[in-house]
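Subject: Structure handover

Hello,

Here is the structure I promised to pass on. Please open it first, then read the notes below.

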Amino acid sequence: MTARAVPDFPIIRTVGLSGMIVTFADGLSEPSNRATLAFRNHLEQLKWDGVLETSTSLASVYIRFDPGDVDHDRLRTQLQEQLDSRNWLQEALPLGRRFWRVPTVYGTDLAPQLAEAADAAGLSESQAIENLGAARVRVLTIGFAPGQPYLGPLGEEWDLPRQTELTPRVPRGALVLAIRQFVLFSAETPTGWRHVGQTGFMLFRPHSDRPFALQAGDELQFEPVSRSDFLKLRDRDEHMGGAMSQEIPA
Amino acid sequence: MSGLKVLKIGPAASVQDQGRPGLLDQGVSRGGAADLLALAEGAALLRQDPNLAALEMGGMGGTFEATGPLRIALTGAPMMAALDGSALAWNASHRMEAGQRLEIGAARRGVYGYLHLGGGISTEPVLCARATHVAAGLGRLVAPGDRLPAGRDAGGDTGMTLACEDRFGGGELRIVESFQSALFSPEVRARFAETEFRRGSRANRMGVEMLSEGAGFAAAGQLNILSEVIVPGDVQMTGDGKPFVLLREAQTTGGYPRIGTVLPCDLPKVAQAQAGAQLRFRWVTLEEGLSLQAKHEKALHALPGTCHPLLRHPGDISDLLSYQLVSGAVSAMADPFATGEDS
């Protein structure tokens, strides 16, 4: 059995008056993110009394509960029992996840920071497109804005710092990159991450039957297409921009 | 369908209810009314469900025309209000007839005033709520020409008022330690509670800036923590150690460290503090915090029972004619707002 990297983890702490957070690591790693997704999925299936909501960040699971239904000591004990029941860092990812292939134009006027990102990673533009277009990344967490995924991890060459200056606006569907992660924006926004690709994938459609396209744990590949093909796809399929998904087999 | 037509409106008016809890895993913060107590007070005055939506008016009200008979209630930050030119009491319920005009002016104290309709505002729910959440792309601010449709009103008394907890001038905020409090040294945490703050100019439904003299409140030796969940009331320290109290419309996750979490029952005081209002923080234990919050929730449930007629009157307060006489008597008083604020 693999020993835990830091003996203190996982740790349970309180959040405000009516929350607990279980943290698997103080940095992002594939196993800690996998443990986070697996543990949250497990808690959802347990359906404990008093638990109102769970969510994940990169390496933590948050549990919101009603202290009138389950007190802090009892919930902490229950969580500790579940943590002790197995090595969560070696758990498999939950079932029912989807794999998305998302047509993406890299560079051009539609994603103007590919060249500088490639340069910072020590690659040519065509190498960068090949590298990023072949990466199959996981939705590590969804947050900050509705339906907005943090995706990764990318290779170490992409451990680029955020820019010191914000880009005033990038459009919805922008694929941006920093610190070995992508973010795919669900709305127009300012950002300190570099805009390397553009998609026509709408992540959040509040008035539709399926308002949120992605779940934490889903996987995505941003497949390179030409600028003209991208524009055609976007015109033909205004919500998805040609993005297709299938369930990931067990 | 009865309701209000919006003739004029302030710059920060939106339909709000209790928001959308349960969507954190999809990056949607719960949002909802900045002052939930005001939402509950309006529901109590109209004897209706506190989950119904009302109009939240930031700083400034508007002018509205009734498209049919309506019950209304006015709560939250006290604002000048008049019906066809006759002053209306704040923290009270009233009746409007078709064609009557309601004018609501600037906040006299506090920030967010609320206009409630009998039956609630029945705009189309999105993701199971009517709360406007502009940053999330859910709804938009109310504009002139909009209609605010009223839901089906079970009816009931108007001309009622209730004692209003004064939360419009700053004051003490009770705060509990949270999962990142240990990132701040005990000295910094102690100094935080000894410091007099005033509300800064940067404030909206997402968060409120707190200003103070002297050194900031930096976390010890780390700046690169992972983004973690944000809950309403979290006191976040920006890079220069300046506190922001985050409200219900803040983003769902954030990377700035948080020194603690203000109790939910004290958040109306944060949202309603005007720029320059004096505020301070007092640490309480988790047990104290839970007991204070439970007491607050009990008081919320008891609100309907605390409503009473605006003025003692031999007639039936629910009778329209006698109600209008009462209304006239109120307007003749030196301070039509005294009913709500003095108690």
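The notes below go through what was found, one topic at a time.

Please keep in mind that this is a predicted model.

**Where the chains meet**

The contact between the chains draws 33 residues from chain A and 31 residues from chain B. On the chain B side, two elements give two or more residues each: β16 (228-229) and α4 (286-306) of chain B. Sorted by class, the chain B side holds 16 nonpolar, 13 polar and two charged residues.

**The barrel in chain B**

Seven strands of chain B close into a barrel. Their order is β13-β20-β17-β18-β15-β14-β21, and the pairing is mixed. On average, neighbouring strands of this sheet are turned by 40° against each other, direction ignored.

Take one pair as an example. Strand β13 (residues 171-176) and strand β20 (residues 258-262) of chain B run antiparallel and are joined by two bridges. Here B:Ile175 stands opposite B:Val262 of β20(B). A helix packs on the sheet too: α2 (residues 186-194) of chain B touches β20 and β21 (278-283) of chain B. The direction of α2(B) makes about 135° with that of β21(B).

**The nonpolar core**

In soluble globular proteins, nonpolar side chains tend to be buried together. In this model, the largest nonpolar core has 156 residues. The members that touch the most others are A:Val176, A:Val196, B:Leu55 and B:Val270. Helix α1 (residues 36-45) of chain B gives the most to this core, eight residues.

Neighbours within four places in sequence aside, B:Val270 is in contact with B:Leu173, B:Val208, B:Val245, B:Leu247 and B:Val262.

**Helix α1 of chain B**

Is this helix enclosed or open? 10 of the 10 residues of α1(B) are buried, so α1(B) is largely enclosed by the rest of the structure. Among the buried residues are B:Leu36, B:Glu41, B:Gly42 and B:Leu45. Just after α1(B), B:Arg47 takes a positive phi of about 55°.

**One residue in chain A**

A:Gln80 has its place in helix α2 (residues 72-84) of chain A. Why does A:Gln80 count as partly exposed? Because 13 other C-beta atoms lie within 10 Å of A:Gln80, while a buried residue needs 20 or more and an exposed one has 12 or fewer. The C-alpha atoms of A:Gln80 and A:Val15 are separated by 16 Å, and the two residues are 65 residues apart along the chain.

Best wishes

Conventions. Residues numbered from 1 in each chain as written. Chains lettered and ligands numbered in written order. Predicted model: local features only at pLDDT ≥ 70, side-chain atom pairs only at ≥ 80, totals over all residues. Contact = placed C-beta atoms within 7 Å. Helix = DSSP H or I, 4+ residues; strand = E, 2+ residues; numbered from the N terminus. Nonpolar A, V, L, I, M, F, W, Y, C, P; charged D, E, K, R; others polar. Pairing = 2+ DSSP bridges. Axes fitted to C-alpha atoms, helices over the stretch in contact; angles between N-to-C directions. Core = buried A, V, L, I, M, F, W, Y, C linked by C-beta atoms within 7 Å.
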